[in-house]
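I opened the model to look up strand pairing and helix packing. My notes follow.

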Amino acid sequence: MKKLSILPLVILLSCSKEKTNPTDDYGYLDKTFLPPNSKAIVLLDFNGQKINSPLWPVDSLGIAGISKQGQDLIFTGVLSYFSPFAIGFTTNEQTFQESALKLKMRAIVTKDNWTGDKSGIAHTGSIEWAEAPPCFIFTNVTQNVEVLARIIAHEIGHTLGLKHQSSPDAIMFQPARSAGNHTNSFFSVIVSIVFEFVGYKYF
Ligand SMILES: [Zn+2]
């Protein structure tokens with residue numbers, strides 16, 4: 001009889017663990033999706049990074065401050081935007097470093113927003129450049145994982161050579177930033193996400 005009474009407690013514990021505040025655990029997510037015909041690989045870097053590029057005015061950035069569960073949702077979200085294309089994604093530094101693919105991009109997701117007011121920043125077409133400079137996505141702007149996945153897809157789109165689009169439902173849409181910030185309310189009006197592959201050479 002005593003054994004039976006333990007069971008509900010275990011279930012209760014595992015339930016309460018799932019409901020843990022997402023900000024309580026910034027654990028490392030080890031995930032890789034690499035289609036066999038991949039032409040490029042993107043590292044989603046949530047863990048902070050030293051920058052060594054003359055193309056960006058920063059040297060060291062902290063972690064994203066996103067839970068492991070949140071990172072997982074972001075990973076899946078970003079993947080869904082690029083699913084028609086031969087692009088691999090990983091959170092694993094070693095997998096990224098050891099990849100023989102020529103087109104590599106590090107997308108640094110960080111709470112340290114050195115731009116002041118941007119949700120993300122990238123050099124257009126930079127995935128082709130020698131020692132491709134990373135792109136950045138800033139979690140101080142929002143912690144919403146769906147919005148972050150869109151911002152990441154937007155910045156990666158830039159690194160692949162995409163420019164801004166005028167269509168408000170395109171993921172490359174950029175409104176006039178009258179108030180300075182990309183805000184949650186702006187993203188909430190996006191009802192469908194459409195990539196316009198202008199100048200898209202590889203995929
Ligand atoms: Zn943009």
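Which residue in S6 is the bridge partner of Leu44? I found Ala107 in that place.

Before going on, I noted the ground rules. The model is predicted; local features need pLDDT of at least 70, side-chain atom pairs count only at pLDDT 80 or more, and totals for chains, interfaces and linings use all residues. Residues are numbered from 1 along each chain as its sequence is written.

**Strands.** I took strands as DSSP runs of E with at least two residues, and helices as runs of H or I with at least four, numbered from the N terminus. Strands pair if DSSP finds at least two bridges between them. S2 (residues 40-45) pairs with S6 in the parallel sense, over six bridges. S6 also runs parallel to S8 (residues 135-138), joined by four bridges. Here Thr110 has Phe138 in S8 as its bridge partner.

I then checked cover on S6 (residues 103-110): six of its eight residues are buried. Buried means 20 or more other C-beta atoms within 10 Å of the residue's own, with C-beta atoms placed from the backbone.

**Helices.** I turned to H2 (residues 68-82) and H4 (residues 145-159). Their axes come within 8 Å and cross at roughly 45°. Axes are lines fitted to C-alpha atoms over the stretch in contact, and angles run from 0 to 180 degrees between N-to-C directions. H2 and H4 are therefore oblique to each other; oblique covers what is left after under 35 degrees (roughly parallel), over 145 (roughly antiparallel) and 65 to 115 (roughly perpendicular).

Methods. A residue is buried if 20 or more other C-beta atoms lie within 10 Å of its own, exposed if 12 or fewer, and partly exposed in between; C-beta atoms are placed from the backbone.
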